[in-house]
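Trainee: Please take a close look at the salt bridges in this model, and at what surrounds them.

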Amino acid sequence: MRPSRPAPRLAVLALLPLLATAACSGPGAAQPPEPASAADEATEPQVPGAADAVEAVVPAASLTADLTLPLDEYHIPTEDQRLLEEARDVLITDCMARYGQEYTPAERRAADLGTHLYLYGVDDADVAAEHGYMHPVDLDPATYAPVFPHDLTPDQELALHGDPGLDLDHPETLEEAQRMTGPELGGEPVPVTGCHGEATLTVNRPEADWVDPTVILQLADEAAHIADEDPRLETLLAEWSDCMADHGLTTDTPLEAAAQLGLGGDVSGREAREAAVVDVACKERTDLVARWAAIDADHQEAVIAEHAPMLADYREQHEERMARARAVL
């Protein structure tokens, strides 16, 4: 069996602000994707520290720039995501004020990298030539990852996040969360979820039948696992591997090319840059992205059909979530 594909990094980052409170998960909600295994982590490029981060890189010639897949229509649109975050910031600010605490929402920076950047491994020749197998998101994590407030006073931390020392079950509804309180601040009991969690719960309103938006990532992963056993993919990867071999590079999947080439943590050194450029060229020669995406699309369509009732509920709940966010604003 071929190695499993990790969840698309950009999709995960987009969902984090919306789902940053564990209390959002009711008993009927889909669980978030499992953390990467040690083996998976070994194949991931090393993320530089803040001091090493470079200016954000926006790939201009990504092979996946115009790629769309069937499950994309269920992803939360960028504009909806922005509105949801704005509504949550208003709710957090109002909640913090109840406890006499100031709160300034972080300014969000974001670059449009496309939905499927590096879905099938390194896919931009210019970025590869300069940064090797380093994922563009890793070059400047602060640009793409959610920015949460820092340097908070103890009172601000308590009001914003609640008391992490409390050993309480996760609330299943907003009403239950509001009944579960922690220490007092300014004579008022702080919600066990903190203002951040209270705001997230107010927008999401998770009930027993709530469909966690991360289910879309799970369905994509389910389809990918089936696609990984598709004979068409075996043929495609063999062609790409032969192309790499023509350049003296031995690897059988672009998803683990850096590890299989023995680059270790040096995924942006000279050797890595040269290999990554060849990798992209071989993807172009074999039309790997379009052909692999067609395989994935077939299996995503099947997964969508299988889970049609749940996806209908998900869409309905999203519209309700958006209505609540608009009411807040």
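Mentor: Lys283 and Asp279 are 4 residues apart in helix α13 (residues 270–286), so about one helical turn separates them. Helices here are DSSP runs of H or I with at least four residues, numbered from the N terminus. The two side chains form a salt bridge, with 2.4 Å between the closest N and O atoms. The term salt bridge stands for a side-chain nitrogen of Lys or Arg within 4 Å of a carboxyl oxygen of Asp or Glu. Both Lys283 and Asp279 are buried. Buried is under 20% relative accessible area, exposed is over 50%, and partly exposed lies in between, using a 1.4 Å probe and protein chains only.

Before going on, note that this is a predicted model: local features need pLDDT of at least 70, side-chain atom pairs count only at pLDDT 80 or more, and totals for chains, interfaces and linings use all residues. Residues are numbered from 1 along each chain as its sequence is written, and side-chain values use heavy atoms, with hydrogens and water left out.

The structure holds 10 salt bridges. One of them joins the side chains of Arg315 and Glu73, at 2.5 Å from N to O. Arg315 belongs to helix α15 (residues 308–328), while Glu73 sits in the loop between α2 (38–43) and α3 (78–98), so this pair ties together parts that are 242 residues apart in sequence. Arg315 is partly exposed, at 38% relative accessible area.

Another salt bridge is formed by Asp298 and Arg232, whose closest N and O atoms are 3.1 Å apart. This pair also links distant parts of the chain: Asp298 is in helix α14 (residues 288–306) and Arg232 in helix α11 (residues 231–245), 66 residues apart. Asp298 counts as partly exposed at 43% relative accessibility, and Arg232 is partly exposed at 40%.

Helix α15 also contains Glu319. Glu319 is part of a patch of negative charge on the surface, together with Glu207, Asp209, Asp313, Glu316 and Glu320. Patch residues have over 30% relative accessible area and no salt bridge, and like charges are joined within 9 Å.

Gly162 follows α7, and its phi is positive, near 75 degrees.

Conventions: Helix = DSSP H or I, 4+ residues; strand = E, 2+ residues; numbered from the N terminus. Patch = residues over 30% accessible without salt bridge, like charges linked within 9 Å, V, L, I, M, F, W, Y side chains within 5 Å. Areas by Shrake-Rupley, 256 points an atom, 1.4 Å probe, with all protein chains shown as cover. Lys, Arg positive; Asp, Glu negative; His and termini not counted. Charge placed at Lys NZ, Arg CZ, Asp CG, Glu CD.
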